[in-house]
Amino acid sequence: MGKIEKMSTSLANLIAAGEVVERPSSVVKELVENSIDANSKSITIYLKNGGLDYINIVDDGDGMDEDDVLMAFIPHATSKIKNEYDLLRILTLGFRGEAIASIASVSTMTITSSVDGVKGYSCTYKAGSKIESEVTHSNKGTSVIVKGLFFNTPARLKYMKSAKSELASIMFYIDRISMSKPSLRFSVYHDDKLIFQTTGSNSYKTLIGEIYGVEAAKNVIESSYIADGYKTHLVLVKPSIYRSNKLEITMICNGRYVKNYNITNAVVDGFHTYLPIGKYPIVILYFDIDPLLVDVNVHPTKTEIKISNEEELCMRLKDEIIKALMSTTHIPEREINKKESYLKQTIFDNIYSLNENTTEYISNDKEEKTVITNEKIKTSMENKLIETKIEQIPKPIESHFPHMEYVGTIFGTYLIFQGIYSIYLVDQHAAQERYNYEKYYELLGNPNQPTTELLIPISIHFTKEEALYIDSNIDEFLKIGFRLESLGNNDYVIREIPLWAKLDEVDSLVYEILSLLINNKKIDIIHFRDNIAKQISCKASIKANHQLSRIEIDSLMKNLDTCKNPFTCPHGRPTIIELSQKDLEKMFERIQTK
Ligand code: ZN
Ligand code: ZN
């Protein structure tokens, strides 16, 4: 009787395991969540072969006594709802309490734990059956080892991707959990090499450095706001550093990593024209929302959430991002030899503490052991941050730009300016394009814009298809200042044009707008305000290889400075870049670099 009972349980676990234990990252996720629940301050993760061969999670949390260790392997042993936060969590994860049993049914799993750091207890299950348990010595906290994941379910094992992509999936999760718990210390070792560490500093800037590298840390903008029913803290990396996908737009809601399609898009909209097309920002959004406003029932095992006042929240978010971006300078500093990977390594090499005072630290490339005092590491990190502060040039009030003096123009395209510690290069086309874009965007939003009647009307011939679009949109053209009149036979004349349009570009402008209408199959021109403004601003701007006079340069820079965002063209390319004196000195080897 007892035997049958046991078999059906492990069978049930095996079935449950298929649903909850998808791959090594789901094991890591489950075990790390348990460590966090146990009030751990530091969590160390050891992995082998992308976690497929070996996963060991060691924490310094509360630990478990003998009974708890035994109970952990029994399904539903840990599901306790203590408060609303737990409820949100349980709803999001959906399978609390079954996880350990599920993992133990598809691996060899050992839990070793101690409450007092003296006496410990250890228990091992293999394929869902207990094979060993003993009293042992252990540090305070819990260590869980999972060996040979899916060894008894070869069908599932076959579906595992390479160790590299399993590791990538684990690290994606570790990054998110570090963001949601900035005061926790995480260390990850893969095949005996330290590959990731956070200091648990509780500083977002430091955290960004630990995850995305020193350059990103130098470019953090933070801002907070409170709205009805929620509180938000935004951690943005300036748009000079970006990614090719939206994955680094992270949302942490009530301490949990969650996803929301509309919020991600609101962030992308906030960065509009600050980034090149197809590029996305690095952003962490912290939301504290009244749990009653969050609907986690979209899918019980998915992280996707819905928020009851989502539309309003998204609009506010976009505005706040624009405000935050407008409040700082975005002149990207260019180095000839970008040593991004070296910089990322430096931060690993320089920060860290595991214990209060000293830490045993294994250098990544040399594998030699050194002991570094906590104080030393901290100072070197602080020096780095101070260094970046000094590099920032004092900015005159009410100007977006630091003090800049015109030196000359190169290639008929780039204006050179000298600052105090840097030289600046301005792309004259991009600069004027930005100014024109903001100007036209405003103008197009105004339905009663000034127009001029043409003394000699311009005649245009269209194809039949084009003519049909013109006919059905004649009022829309009028709204932005173009009065077209049909002469029949697909021939038209333009009698009136907006004041801003250049006479010799009128026909190309009309074609431009027409093609937008045809491609988008919409009739409201105001709808395409942004696209039209981009196209006409490009057309109306000085081209490369055109030498500007000194007066033209002065007025160009003055105009650019009046823009809301003078740092990128409407297509997201920089209008201005900086080359620091220090970089020049490095290039001429006046100062030594590694
Ligand atoms: Zn252009
Ligand atoms: Zn452009």
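Reader: What spacing do the donors of the zinc ion (ligand 2) follow along the chain?

Author: Keep in mind that this is a predicted model. The spacing for ligand 2 reads E-x135-C-x1-H.

Reader: Ok, and which residues and atoms coordinate the zinc ion (ligand 2)?

Author: Glu433 through OE, Cys569 through SG and His571 through ND1, at 2.1 to 2.4 Å.

Reader: Where do Glu433 and Cys569 sit in the fold?

Author: Glu433 is in helix 14, residues 428-445. Cys569 is in the loop between helix 19 (550-561) and strand 24 (576-580). The two are 136 residues apart, so the pair links distant parts of the chain.

Reader: Are Glu433 and Cys569 buried or exposed?

Author: Glu433 has 1% relative accessibility, so it counts as buried. Cys569 counts as buried too, because its value is 0%.

Reader: How far apart are the two zinc ions, ligand 2 and ligand 1, and which residue coordinates both?

Author: They're 3.9 Å apart, and Glu433 coordinates both.

Reader: Switching to aromatics. How many aromatic pairs does the structure hold?

Author: There are 12. One of them is Phe401 with Phe567: the ring centres are 5.7 Å apart and the planes are at 80°, so that pair is edge-to-face.

Reader: What does the Phe401 and Phe567 pair tie together?

Author: Parts that are 166 residues apart in sequence. Phe401 lies in the loop between helix 13 (374-391) and strand 18 (405-410), while Phe567 lies in the loop between helix 19 and strand 24. Cys569 is in that loop between helix 19 and strand 24 as well.

Reader: And is that pair buried or exposed?

Author: Phe401 is buried, and Phe567 is too. Another edge-to-face pair is Phe411 and Tyr414, at 6.4 Å centre to centre with 90° between the planes.

Reader: Which residues form one aromatic cluster?

Author: Tyr225, Tyr230 and Phe287.

Definitions and conventions. Residues are numbered from 1 along each chain as its sequence is written. Chains are lettered from A and ligands numbered from 1 in the order in which they are written. This is a predicted model: local features need pLDDT of at least 70, side-chain atom pairs count only at pLDDT 80 or more; totals for chains, interfaces and linings use all residues. Side-chain values use heavy atoms; hydrogens and water are left out. Donors are N, O and S atoms within 2.8 Å of the metal (3.2 Å for Na, K and Ca); water is not among the atoms, so sites may look incomplete. Helices (H or I, at least four residues) and strands (E, at least two) are DSSP runs, numbered from the N terminus. Buried means under 20% relative accessible area, exposed over 50%, partly exposed in between (1.4 Å probe, protein chains only). Rings of Phe, Tyr and Trp (its six-membered ring) pair if their centres lie within 6.5 Å; planes under 30 degrees apart count as stacked, over 60 as edge-to-face and the rest as tilted.
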